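User: I'd like to go through this model with you before I set anything up. Could you take my questions one at a time?

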Amino acid sequence: MARPTSRVLTLLELLQSGGIRTMAELADRLGVDARTVRRYVGHLVDLDIPVEAVRGRYGGYRLAPGYRLPPLMLNDDEALAVLLGLAAGRRTGLPAATGTAGETAAAKIRRALPERLARRLDAVMESLAFTAEPGEAATPETEVLLAIADAVRHRRPTLIRYTARDGRRSERTLHPYGIVAHAGRWYVTGSDPEIGQDRTFRLDRIADARPLPGSFEPPAGLDPAQRVLSGFAGAAYRHEVTLRIHGTVDQIRTRLPVGIASVEELVPAEAADPHTERWFHVELRAERLDWLPPVLASLDRPFVIERPDELRDLVLALADRLAASARQA
């Protein structure tokens, strides 16, 4: 049976998670009656922890807004979640998880853990492996990330200093719509009011971000992630590819996702079933074409190459190699 001290600490953990906790919820989580919950709350108040009683139908208890407790209390699951999160963050280039900050944070948590739990978590971390090789993390500056995030939340125009892929540097005003993590990199998408177009910028190429006076209104129904992926599909590359593919949207997207290709139905049909096979117009851009024939073969759907002719030649060459291999005894 749990001792009263253990239950008081459990009550504190529940209140630390934020929001209002009802009397019924607390009594159920602690396995006690309402009178005992009130007594435990009194113990916390005696320790100068500001627990507030909230009256009303949905009332209960909460910690005073803005109050933070000096000690960090984590149970086994929470400690493992934090350490695994730091490990995965370092692997994927998550800002603040890479470099010194991630290492010192993990070390502090490790030192604060009881030896029994620390040994168990060490065993997990030592046995952990990733299937993908770590890439070079393109990590944005923490201050830039925080400044852009604040501008997104409060809809503030922001002046950024940006270095383009070709090394050119510029200052521009951005109305940031959202921050998107994609394929190990971090992007901000928004509108450039000087040219009246939507733009996407890599956060690690932004040297400085400063808020400007005023505010802006983002477009209705905005989806920052979709905007970033659509921008990738329409970016300028060496080859422009146009196809017609017969199948369903889901079948096509399994090999040509939103970040690679745009897919439109050739003859739009009202309330058409997305799972019905039809002909679709597919466009994409690529620096190289040699990866496309295997992708089209793996779709196993009828397709027509409209352009470029070079792709048609590559598909025929792949078909000849496959046929020759199939004839081998």
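User: Let's start with the hairpin: how many residues lie between S2 and S3, and which residue in the turn has a positive phi?
Analyst: Bear in mind that this is a predicted model. The hairpin of S2 and S3 has 5 residues between its strands, and Gly56 in the turn has a positive phi of about 115°.

User: How many bridges hold S2 and S3, and in which sense do they pair?
Analyst: They pair in the antiparallel sense over 4 bridges, with S3 covering residues 60-63.

User: OK, helices. How do H1 and H2 sit against each other, and at what angle do they cross?
Analyst: The axes of H1 and H2 (residues 23-30) come within 10 Å and cross at roughly 135°, and the two helices are therefore oblique to each other. The crossing in which H1 passes H2 is right-handed. On the H1 side the contact involves Arg7, Thr10, Leu11 and Leu14, and these meet Leu26, Arg29 and Leu30 in H2. By class, the residues of this contact divide into 4 nonpolar, 1 polar and 2 charged.

User: And H2 with H3: oblique or roughly perpendicular?
Analyst: Their axes come within 9 Å and cross at roughly 90°, and H2 and H3 are therefore roughly perpendicular to each other. The contact is made by Met23, Leu26, Ala27 and Leu30 of H2 together with Ala34, Val37, Arg38 and Tyr40 of H3. Its classes come out as 7 nonpolar, no polar and 1 charged residues.

User: What about H1 and H3, how do their axes cross?
Analyst: The axes of H1 and H3 come within 10 Å and cross at roughly 80°, so this pair is also described as roughly perpendicular. From H1, the residues Pro4, Arg7, Val8, Leu11, Leu12 and Leu15 meet Tyr40, Val41, His43 and Leu44 in H3. This contact has 8 nonpolar, 1 polar and 1 charged residues.

User: Switching topic: how many aromatic pairs turn up in the whole structure?
Analyst: A search of the whole structure finds 2. In one of them, Tyr162 with Phe201, the ring centres are 4.8 Å apart and the planes stand at 70°, so the pair is edge-to-face. Tyr162 is in strand S4 (residues 158-163) and Phe201 in strand S7 (residues 197-202), 39 residues apart, and the pair thus links distant parts of the chain.

User: What's the strand order in the 4-stranded sheet, and how are its strands paired?
Analyst: That open sheet has the order S10-S11-S9-S12, with antiparallel pairing. Strand S10 (261-265) and S12 stand at the edges with a single partner strand each, so one side of each is left without a neighbour in the sheet. Averaged over the sheet and ignoring direction, neighbouring strands are turned by 20° against each other. S10 and S11 (residues 278-286) run antiparallel and are joined by 5 bridges, and Ser262 stands opposite Glu283 in S11.

User: Which strands does H10 touch as it packs on that sheet?
Analyst: Helix H10 (residues 292-299) touches S9 (239-247), S11 and S12, and its direction makes about 10° with that of S9. H11 packs on the sheet as well, touching S9 and S12, with a direction at about 140° to that of S12.

User: Last one: where is there a cis peptide bond?
Analyst: A cis peptide bond joins Arg307 and Pro308, with omega about 0°. Pro308 has its place in the loop between strand S12 (303-307) and helix H11 (309-327).

Note on methods: Residues numbered from 1 in each chain as written. Predicted model: local features only at pLDDT ≥ 70, side-chain atom pairs only at ≥ 80, totals over all residues. Heavy atoms only, no water. Pairing = 2+ DSSP bridges. Axes fitted to C-alpha atoms, helices over the stretch in contact; angles between N-to-C directions. Parallel < 35°, antiparallel > 145°, perpendicular 65-115°, else oblique. Left-handed = near helix turned anticlockwise from the far one by under 90°. Contact = heavy atoms within 4.5 Å. Nonpolar A, V, L, I, M, F, W, Y, C, P; charged D, E, K, R; others polar. Phe/Tyr/Trp six-rings, centres within 6.5 Å; stacked < 30°, edge-to-face > 60°.
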